[in-house]
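Please read the following points alongside the sequence and the model. They go through the strands and helices, the ligand site and some backbone details in turn.

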Amino acid sequence: MKLFVYHTPERVPPQVTADCAIAIDVLRATSTIATALDAGAEGVQAFSDLEILIATSEAWDPARRIRVGERGGKTVEGFDMGNSPLDCTPERVKQSRLFMSTTNGTRALECIRSAPIVLTAAFINRDAVVQYLVKHQPETVWLVGSGWEGSYSLEDTGCAGAVIEGVLEQSGISLDALAGNDEAVSSVTLYRNFQDDLVSLFKHASHGKRLLGLGLYEDLEYCAQLDFLDVLPVQREQGVLVKSIL
Ligand code: 3SL
């Protein structure tokens, strides 16, 4: 097994794919996806384009459909929900499908969706991802940060490092044997530096600061809870994530 870290979707090599590709958008799309599936949502369908989202979701029973739209950290006008994991309570999402479009996270998912196995990771479900990797040992694994509009995001690369650290601990494989690129090694160093205080990692991050400016400190605190949920989001059909029974 070789783990490759790509800071943004733009860095993913074209024309090839991995055996397993993992999208990471800690703040906040992949934290929201994990929370919604853990709370009993039927699935989360990701879109980069808002109009395609609306047209696709029209065919769905309105009582079982939640349109989640976020741009620049704010709820898209006319959508049912923004992108806060704190809104994904069982009362709100159980048995519903979330039709989701966010600034960067859903773009990252779109870029890896043709991989044979697609997962999502956040700090809150890190251990579920680690357990999957240790058990199945896919030959090549991509950990793809969502970044922010093409640039690097500290928190996504930190989460990639947390996943690699978990695999190191649980598999006994050495970092040199596991790391597929230099980014994988540096992500572990980043994670180790902040592992005891992930909120402080968020406070250094430009998107963390953006969310703090919007008064969303509670979202940061929630997303910083390492291994909080035992849920593994896995792509069942292109763009549709469900709770894994793997
Ligand atoms: O960029 C994204 O996809 C979002 O997760 C951003 S936000 O945290 O909802 O503002």
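1. A residue is called buried here when its relative accessible area is under 20%, exposed when it is over 50%, and partly exposed in between, with a 1.4 Å probe and protein chains only as cover. Gln-235 is buried by this cut-off because its relative accessible area is 16%, and Gln-235 belongs to strand 9, residues 233-237. Helices (H or I, at least four residues) and strands (E, at least two) are DSSP runs that are numbered from the N terminus.

2. The model is a predicted one, in which local features need pLDDT of at least 70 and side-chain atom pairs count only at pLDDT 80 or more, while totals for chains, interfaces and linings use all residues. Residues are numbered from 1 along each chain as its sequence is written, and side-chain values use heavy atoms, with hydrogens and water left out.

3. To stay with Gln-235, its side chain reaches the backbone nitrogen of Gly-239 at 3.0 Å. A polar contact of this kind is a pair of N or O atoms within 3.5 Å; within protein, one must be able to donate a hydrogen and the other to accept it, and residues adjacent in sequence count only if both atoms are side-chain atoms. If residues up to four places away in sequence are not counted, Gln-235 touches Arg-113, Ala-115, Val-118, Val-240 and Leu-241, where contact means heavy atoms within 4.5 Å.

4. Val-118, in strand 7, is the bridge partner of Ala-21. Strand 2 (residues 20-24) and strand 7 pair in the parallel sense over five bridges, and two strands are said to pair if DSSP finds at least two bridges between them. Strand 7 covers residues 117-121, and four of these five residues are buried, so the strand is largely enclosed by the rest of the structure.

5. Strand 6 (residues 97-101) is mostly covered, since five of its five residues are buried. In a regular strand the side chains alternate between the two faces of the sheet. Here Arg-97, Phe-99 and Ser-101 point one way, Leu-98 and Met-100 point the other way, and all are buried. Strand 3 (residues 43-46) runs parallel to strand 6 and is joined to it by four bridges, with Leu-98 as the bridge partner of Val-44. Strand 4 (residues 65-71) also runs parallel to strand 6, here with five bridges, and Arg-65 stands opposite Arg-97.

6. How many residues of helix 1 are buried? The helix spans residues 29-38, and nine of its 10 residues are buried, so it is largely enclosed by the rest of the structure. Among these buried residues are Ala-29, Ile-33 and Leu-37. Just after helix 1, Gly-40 takes a positive phi of about 105°.

7. In helix 5 (residues 126-136), the buried residues are Arg-126, Ala-128, Val-129, Val-130, Tyr-132 and Leu-133. These buried residues pack against strand 2, strand 7, strand 8 (140-145), helix 6 (154-171) and helix 8 (182-194).

8. Which residues come nearest to the ligand? Of the 14 residues around it, they are Asp-25, Asn-83, Thr-102, Asn-104 and Gly-105, where a residue is near if one of its heavy atoms lies within 4 Å. A polar side-chain atom of Asp-25 lies 2.7 Å from an oxygen atom of the ligand, and a polar backbone atom of Leu-27 is 3.2 Å from a ligand oxygen atom. Taken alone, the ligand exposes 290 Å², and the protein buries 100% of that, areas that come from the Shrake-Rupley method with a 1.4 Å probe.

9. Some backbone details deserve a careful look. Most residues other than glycine have a negative phi, and most peptide bonds are trans. The peptide bond from Leu-27 to Arg-28, however, is cis, with omega near -5°, and Arg-28 is found in the loop between strand 2 and helix 1. Gln-95, although not a glycine, has a positive phi of about 65°; it lies in the loop between helix 3 (90-93) and strand 6 and counts as partly exposed, at 48% relative accessibility. Gln-137, likewise not a glycine, has a positive phi of about 45°; it is found in the loop between helix 5 and strand 8 and is partly exposed, with a relative accessible area of 36%.
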